[in-house]
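I opened the model and kept notes as I went. The entries follow in the order of looking.

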Amino acid sequence: QVQLVESGGGLVQPGGSLTLSCAASGSISNFLSMGWYRQGPGNQRAHVASITSGDSTIIADTVKGRFTISRDNAKNTIYLQMNMLKPDDTAVYYCNAKETWRGPWWGQGTQVTVSS
């Protein structure tokens, strides 16, 4: 099994930036994809961004142009760089990983609150 631990959440003002990290318990090189999902108050859990083993990325329309996903295989970590944050970005952000025939695995989540 895979353990995923998110970090970097917190309180930020609208227009600000925040970087989230997701550290895996082992190598992430074999994952088919990894990504970020979020669940805000009263909302369903929604896809935010994902990155494949080949470094292709898929970014949700709601955050496209503001959020960037990246990975560092040496650190077994993926990142979500969030810029121009809006109050609607307030949510618990969850890390996700899957292999071709196993998973998905989920982290515990990290709270991001965008408020003045």
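I began with burial: buried means under 20% relative accessible area, exposed over 50%, and partly exposed in between, with a 1.4 Å probe and protein chains only. By that scale Trp105, at 6% relative accessibility, counts as buried.

Ground rules next. The model is predicted, so I note that local features need pLDDT of at least 70, that side-chain atom pairs count only at pLDDT 80 or more, and that totals for chains, interfaces and linings use all residues. Residues are numbered from 1 along each chain as its sequence is written, and side-chain values use heavy atoms, with hydrogens and water left out.

**Entry: aromatic pairs**

I looked up ring pairs. Rings of Phe, Tyr and Trp (its six-membered ring) pair if their centres lie within 6.5 Å; planes under 30 degrees apart count as stacked, over 60 as edge-to-face and the rest as tilted. I get 2 aromatic pairs by this rule.

Phe31 and Trp105 make a tilted pair, because their ring centres are 5.9 Å apart and their planes stand at 50 degrees. This pair links distant parts of the chain: Phe31 sits in the loop between strand S3 (18–24) and S4, Trp105 in strand S10 (residues 105–106), 74 residues apart. Strands here are DSSP runs (E, at least two residues), and helices are runs of H or I of at least four, numbered from the N terminus. Phe31 counts as buried at 3% relative accessibility.

Tyr37 and Trp106 have ring centres 5.0 Å apart and planes at 70 degrees, so I log the pair as edge-to-face. Tyr37 lies in strand S4 and Trp106 in strand S10, so this pair ties together parts 69 residues apart in sequence. Tyr37 is partly exposed at 24%. Trp106 is partly exposed too, with a relative accessible area of 35%.

**Entry: Arg66**

Which side chain does Arg66 join in a polar contact? I found Asp89, at 2.7 Å. A polar contact is a pair of N or O atoms within 3.5 Å; within protein, one must be able to donate a hydrogen and the other to accept it, and residues adjacent in sequence count only if both atoms are side-chain atoms. Arg66 is in the loop between strand S6 (57–59) and strand S7 (67–72). Its relative accessible area is 8%, so Arg66 is buried. I then listed contacts, meaning heavy atoms within 4.5 Å. Leaving aside neighbours within four places in sequence, Arg66 touches Gln81, Met82, Asn83, Met84, Leu85, Lys86 and Asp89.

**Entry: Gln39**

Gln39 lies in strand S4 (residues 33–39). Is Gln39 buried or partly exposed? Gln39 counts as partly exposed, at 31% relative accessibility. A polar atom of the Gln39 side chain lies 3.2 Å from the backbone oxygen of Asn43. Beyond four places in sequence, I find Gln39 in contact with Gln44, Arg45, Ala91, Val92 and Tyr94.

**Entry: Thr90**

I placed Thr90 in the loop between strand S8 (77–82) and strand S9 (91–98). Thr90 is buried, with a relative accessible area of 18%. The Thr90 side chain reaches the backbone nitrogen of Val114 at 2.9 Å. With neighbours within four places set aside, the contacts of Thr90 are Gly40, Pro41, Gln111, Val112, Thr113 and Val114.

**Entry: the largest pocket**

A pocket is found on a 1 Å grid over the protein atoms alone: an open set of points where a 1.4 Å probe fits, with protein on both sides within 12 Å along at least five of seven lines; lining residues have an atom within 4 Å of a point. The largest pocket has a volume of about 160 Å³. Of its 13 lining residues, Arg38, Gly40, Asn43, Asp88 and Thr90 are the closest to its centre. Strand S5 (residues 46–52) gives the most to the lining, with 3 residues.

**Entry: backbone**

I noted a cis peptide bond between Gly103 and Pro104, with omega about 10 degrees. Pro104 is in the loop between S9 and S10. Asp55 is not a glycine, yet has a positive phi of about 70 degrees. Asp55 sits in the loop between S5 and S6 and is partly exposed at 48%. Met84 also has a positive phi, near 50 degrees. I find Met84 in the loop between S8 and S9, partly exposed at 45%.

Key. Points joined across faces, edges and corners; volume = space filled by probe spheres on them.
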